[in-house]
Amino acid sequence: MDNIQNKGVDFTKLQGATLIATFFSLWLAVYFEHDIENLLAYILILSFGMLHGANDIKLLQVEAKKKSKPYDFLRILAYYIFFVLSVAGLFYLLPSIALGLFILFSAYHFGEQHWISKISGNPLFLIFFYTAYGLVILFLLFAAHNTEVSDIIFDIIGIYINNGYYQIILGISFFVFVVLYLTKYKQSNTNIFLELFYLLVFFIIFNTASLLWAFAIFFILWHAIPSLGDQITYLYGDLSRKHFIKYVRSSLIYWLASVSTLVILFFFY
């Protein structure tokens, strides 16, 4: 649940530190063996990565209280369990459709977290804008590691995707992203050239690091950590060590459930 708007942490002020951490992570890849690199990536994804999405129920509870709406914990929990089972069932019965929806949802999720405080527009515009930006990120990664990605997709749906398709979708997504931005640039509080510079940074990362490590760098440094800061500020009013510990404690049971579910699905499939 990343659609949290607040007056808390402005992570744009920390972009310099993020860039330094990004290239430091890239530098580590030169010295680490592939197995160690993958191990670190899994640890980061399962810790910070999973943690940032593990507290959605708590966030919904706080949002309901702020809006004076009734909140039924068991009902929300039942919806979550039903959603997880539905996704697993869809991947089992209709893997091609499930994978396509997963990519679109992930793209929207990444785009929303990055742009929600930077641009405004009607809901339909934001859906297309967030999704287009997220698809640029994902297909930059897919195109950079097309052989590995195609092998993974083949294992899931039984269809091998040629690199040309990644390039085409990347080009279309980038075009849509730029056009939509230009239609709303007056309502944006960011610089398009700065955003293009960030995309160049991602391009360098994705074409230098291994697939898993490249994804971990982007996912943790550019998505999960900023999202954690936003969530902690939304829940507790500001970002501090005390509130971070409180957040981790309140998320622990959901995080354990998420990791356990992921491990079960991994071995099942």
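# Notebook: helices, core and rings

I began with Phe 206 and looked up what touches it. Leaving out residues up to four places away in sequence, I found Ile 137, Leu 140, Leu 141, Ala 144, His 145, Ala 214 and Phe 218. I note here that the model is predicted.

**Entry: the overall chain.** I counted eleven helices and zero strands. The chain has 269 residues, and 42% of them count as buried. I then checked contacts between residues at least 6 apart in sequence. Of these, 75% join residues at least 24 apart.

**Entry: the core.** I asked which residues have the most contacts inside the largest nonpolar core. They are Phe 129, Phe 202 and Phe 206, in a core of 53 residues. Several helices give two or more residues to this core, including α1 (15-31), α5 (95-115) and α10 (211-236). The largest share comes from α6, with 15 residues.

**Entry: helix α8.** I looked up its length next. α8 has 21 residues and reaches 31 Å from its first C-alpha to its last, close to the 30 Å expected. Which residues of α8 are buried? I listed Tyr 166, Leu 170, Ser 173, Phe 177, Leu 180 and Tyr 181. They cover an arc of only 110 degrees around the axis, so they sit on the same side of α8. I recalled the general rule: an α-helix has 3.6 residues a turn, so residues three or four places apart point the same way. The buried residues of α8 pack against α5, α6, α7 and α9. On the face turned away from the buried side, I found the exposed residues Ile 172, Phe 175 and Thr 183.

**Entry: aromatic rings.** I searched the whole structure and got 24 aromatic pairs. Tyr 198 and Trp 222 form a tilted pair, 5.3 Å centre to centre with 55 degrees between the planes. Tyr 198 lies in α9 and Trp 222 in α10, so this pair ties together parts 24 residues apart in sequence. Both Tyr 198 and Trp 222 are buried.

I then checked Phe 202 and Phe 218. Their ring centres are 5.2 Å apart and their planes stand at 80 degrees, so this pair is edge-to-face. Phe 202 is buried, with a relative accessible area of 1%. Phe 218 is buried too, at 6%.

Last, I noted one aromatic cluster, which includes Tyr 108, Trp 115, Phe 129 and Phe 177.

Methods
Residues are numbered from 1 along each chain as its sequence is written. This is a predicted model: local features need pLDDT of at least 70, side-chain atom pairs count only at pLDDT 80 or more; totals for chains, interfaces and linings use all residues. Side-chain values use heavy atoms; hydrogens and water are left out. A nonpolar core is a set of buried Ala, Val, Leu, Ile, Met, Phe, Trp, Tyr and Cys residues joined through side-chain atoms within 4.5 Å. Buried means under 20% relative accessible area, exposed over 50%, partly exposed in between (1.4 Å probe, protein chains only). Helices (H or I, at least four residues) and strands (E, at least two) are DSSP runs, numbered from the N terminus. Contact means heavy atoms within 4.5 Å. The expected span of a helix is 1.5 Å times one less than its number of residues. The arc is that of the directions from the helix axis to the C-beta atoms. Rings of Phe, Tyr and Trp (its six-membered ring) pair if their centres lie within 6.5 Å; planes under 30 degrees apart count as stacked, over 60 as edge-to-face and the rest as tilted.
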